[in-house]
Amino acid sequence: MKNYIKHDPWCIIEEGFAADYNEITESLTSLGNGRMGQRGNFEERFSGKTLLGNYVAGVFYPDKTRVGWWKNGYPRYFAKVLNACNWIGIDIDIEGETLDLATCEVSEYTRVLNMKEGILERKFVATLASGKQVRVHAQRFCSIVDDEAGAIRYAITPLNFDGKITLVPSLNGDISNKDSNYGEKFWDEIHKETSFGEAYLEMRTKDTPFKTELFNVCTGMKIDLKIDGKKVDFQSLPVKEEKCVACRIILNAKTNEEIALYKYAVNLASLNHSVEELLPNAKVYTNRIFKKGFEQMKAEQIQAWAERWAQNDIIIEGDDAAQQGIRFNIFQLEQTYTGEDDRLNIGPKGFTGEKYGGSTYWDTEAYCLPFYLATADQKVARNLLVYRYKHLQKAIENAQMLGFKDGAALYPMVTMTGEECHNEWEITFEEIHRNGAIAYAIYDYIRHTDDEAYLGEYGLEVLIAVSRFWAQRVNWSSDKQKYVMLGVTGPNEYENNVNNNWYTNYLAAWCLRFTLESIAKVELQNPAALAAIYERVGFNAATETAKWSQVVENMYYPYDAERQVFLQQDGFLDKELLTVEDIAAQRPINQRWSWDRILRSCFIKQADVLQGLYFFEDEFDIETIRRNFDFYEPMTVHESSLSPCVHVILAAMLGYNEKAYEMYLRTSRLDLDDYNNDTEDGLHITSMAGTWMSVIKGFAGMRIKNGSLSFTPFLPTQWQGYSFRITFKKQVVRIGVRRGEVEVENLSNEPLQIMINDNVLHLEAHQSQTV
Ligand code: BGC
């Protein structure tokens, strides 16, 4: 754990250059706008520890699978989020010396990510080997208003000399992915041009045998210069190198005169523009933002962020570390996904690193959806569902490849295009609970929005295909006289190839039930849509639904009658039942123990039975939940970032407030304090939504009861109060929790019914009440 980031309610502050932690700080100061994003790399050259990262949403490369022992059914490629053209580079040469913070003396250094405004800023004084000193002040942002653009203001002031300073702003497409399977580079150059103060570079992803879409990305830049705040004429020499274009600007700098270089850049992808129009559009776009100017773009950025914060901020009083933590999580989620494009999704690392390939996991449905449901327009969450609808055909093909038939669908564990990209058999073929999360998301969306029409439009088709899979994946055990599910991996990936994972069995049966109920609903509300769906998917209602009902009624659930707990899987009690405290010095076990030892142990990577109790809380009484929590919590090592939030929510519900707070700290400052020693790879974006859930569903106890919002809030002793807004069925409510009181404000134009601690409140439009 590290704590070099200064606590502050709105900013992520590095004070003094922590060169050894630079890759961590680069992750923490990542910028994004849903269309593109980048790590907090330096503009000027840096020969120290760094992980360069520029990403364009939806642009990937199908890297040929690399495995030791090929198993039938493995995917041919792993679709990777692509490290793309570096558009921030500005090389600085001072009378023959390169400005490089790894080789000069650095003082007065600060790097600040201002989350309120969405702006990254760096200030320092560098003393070069020759003794020459310069002051640098760099500011940049990825615009959330012009979301294919970014802008930089890079100001450099000589402090003790007059002399030549050369600035070389560049677009460098000679980029590789650190995680490339075969050390290949993934980009080909298509076109480059540079003229006075302006340059364009178009790259295309390399062709592969996999017949996936190729992407062209055209990056453009235009430069402006001011000296001591005044626009000046300058010479710009064109530079062309392989996969790189730049402008060289040589200036006679004077002591204490500030040279400010403005770099306006765009990143246009063939995902959003036709290939023919890419270059002309890039030119128009670049010139448009150039005309707008840095200050105007910046003002718009600040205004747009203010609007976002007004909608989804969580204000915590009396604890700066907690405040910074929650805002950091919200800020990064907002930077990653805006919900405007149903082809995009939320990769576990977002735009902050390469790990996990940048594709879509069950994380989206199980963890991220609630955040977008409650903080954004309904269409944002809807687009996340439509994304999976569009992948349905591929999910059916994926199931076919594994031997399933008749329209059964298995959604991939990891995907970009709908095709499976994961290649570890125990996960690819066996971690099938992900299919259930996709169905659960449909349920969650409808109960939160009341948009039941979604079922007839898209939802039901997905549910039928997923249910067909479950009905084929179970088998009848004549020994148990029950349906069983063999050879699975639950959410707890520290158990592989187990039989009857309680969570998966429960989820499968729930999916079948939910699909049956949804069919009945659509039949009632829109029989024509139902008939069309039946026709499209070749549904034999009588036989298929009869089988589903049988499975629902006869599913096997492992249970220990003595302890009265659900068993994570068959045979769980044969294990030596230790607690996390017994192995404190040996954690994290995934870095210290052999895999077989992990598998044989009772230790749980992330919520598994408890994930089920969180999803289906309403179907169990509180004592059942308590017994299971008391049994499994002490064995959980939380070695997945997705784990603590589920424990916060259950602990808060059970009144284990200290436990809830302890788990909350772990999730909210996971990256800021580098708890897992891996922030340098990028941030844990999907688990950030879990942090949000910890406050809203955990501390504030938000639930949906009988179609209304309900809260049972508690205030951690460390805080003086907290408040937030929730969008629910197109209404917006503000909840403020302080010691001994809860303030509820109806911010909508319609009356609102809400429950606080099981008491029903009726609020007129724009009325507030304190209870
Ligand atoms: C977790 C999975 C998760 C993946 C991506 C893994 O460590 O066990 O549940 O989907 O990370 O976040």
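Buried means under 20% relative accessible area, exposed over 50%, and partly exposed in between (1.4 Å probe, protein chains only). The model is predicted: local features need pLDDT of at least 70, side-chain atom pairs count only at pLDDT 80 or more, and totals for chains, interfaces and linings use all residues. Residues are numbered from 1 along each chain as its sequence is written, and side-chain values use heavy atoms, with hydrogens and water left out.

**Exercise 1. Determine whether valine 136 is buried or exposed, and describe its surroundings.**

Step 1. Locate the residue: valine 136 belongs to strand β11 (residues 133-142). Helices (H or I, at least four residues) and strands (E, at least two) are DSSP runs, numbered from the N terminus.

Step 2. Apply the cut-off: valine 136 has a relative accessibility of 1% and therefore counts as buried.

Step 3. List the contacts (heavy atoms within 4.5 Å). With neighbours within four places in sequence set aside, valine 136 is in contact with Leu99, Arg122, Lys123, Phe124, Tyr154, Ala155 and Ile156.

**Exercise 2. State how far apart aspartate 674 and leucine 28 are in sequence and in space, and characterise the site of aspartate 674.**

Step 1. Aspartate 674 is found in the loop between α19 (657-668) and α20 (685-699).

Step 2. The two residues are 646 residues apart in sequence, and 9.8 Å apart from C-alpha to C-alpha.

Step 3. Beyond four places in sequence, aspartate 674 is in contact with Met1, Lys2, Ile24, Arg669 and Thr679.

Step 4. Its relative accessibility is 3%, so aspartate 674 counts as buried.

**Exercise 3. Identify the buried residues of helix α7 and explain why they lie on the same side of it.**

Step 1. In α7 (residues 392-401), the buried residues are Leu392, Ala395, Ile396, Asn398 and Ala399.

Step 2. These residues cover an arc of only 160° around the axis, and therefore lie on the same side of α7. The arc is that of the directions from the helix axis to the C-beta atoms.

Step 3. Just after α7, glycine 403 adopts a positive phi of about 100°.

**Exercise 4. Describe the ligand site, starting from the residues around the ligand.**

Step 1. The surrounding residues (a heavy atom within 4 Å of the ligand) are Pro348, Tyr356, Tyr361, Trp362, Asp363, Glu493, Lys605, Gln606, Ser640 and Leu642.

Step 2. Examine the N and O atoms of the side chains. A ligand oxygen atom is 3.0 Å from such an atom of tryptophan 362. For glutamate 493 the distance to a ligand oxygen atom is also 3.0 Å, and for glutamine 606 it is 2.5 Å.

Step 3. Turn to one of the surrounding residues. Trp362 is among the residues touched by histidine 433, along with Trp470, Thr489, Gly490, Pro491, Tyr503, Thr504 and Leu507, not counting residues up to four places away in sequence. Histidine 433 lies in helix α9 and is buried, with a relative accessible area of 0%.

**Exercise 5. Find which backbone features mark glutamate 108, aspartate 450 and proline 588.**

Step 1. Glutamate 108, in strand β9 (residues 105-114), has a positive phi near 50° although the residue is other than glycine. At 52% relative accessibility, glutamate 108 counts as exposed.

Step 2. Aspartate 450, in the loop between α9 (433-449) and α10, is not a glycine, yet its phi is positive at about 70°. With 46% relative accessibility, aspartate 450 counts as partly exposed.

Step 3. A cis peptide bond, with omega about 0°, joins arginine 587 to proline 588. Proline 588 lies in the loop between β25 (565-566) and α14 (589-592).

Notes. Polar contact = N/O pair within 3.5 Å; in protein donor to acceptor, adjacent residues only side chain to side chain.
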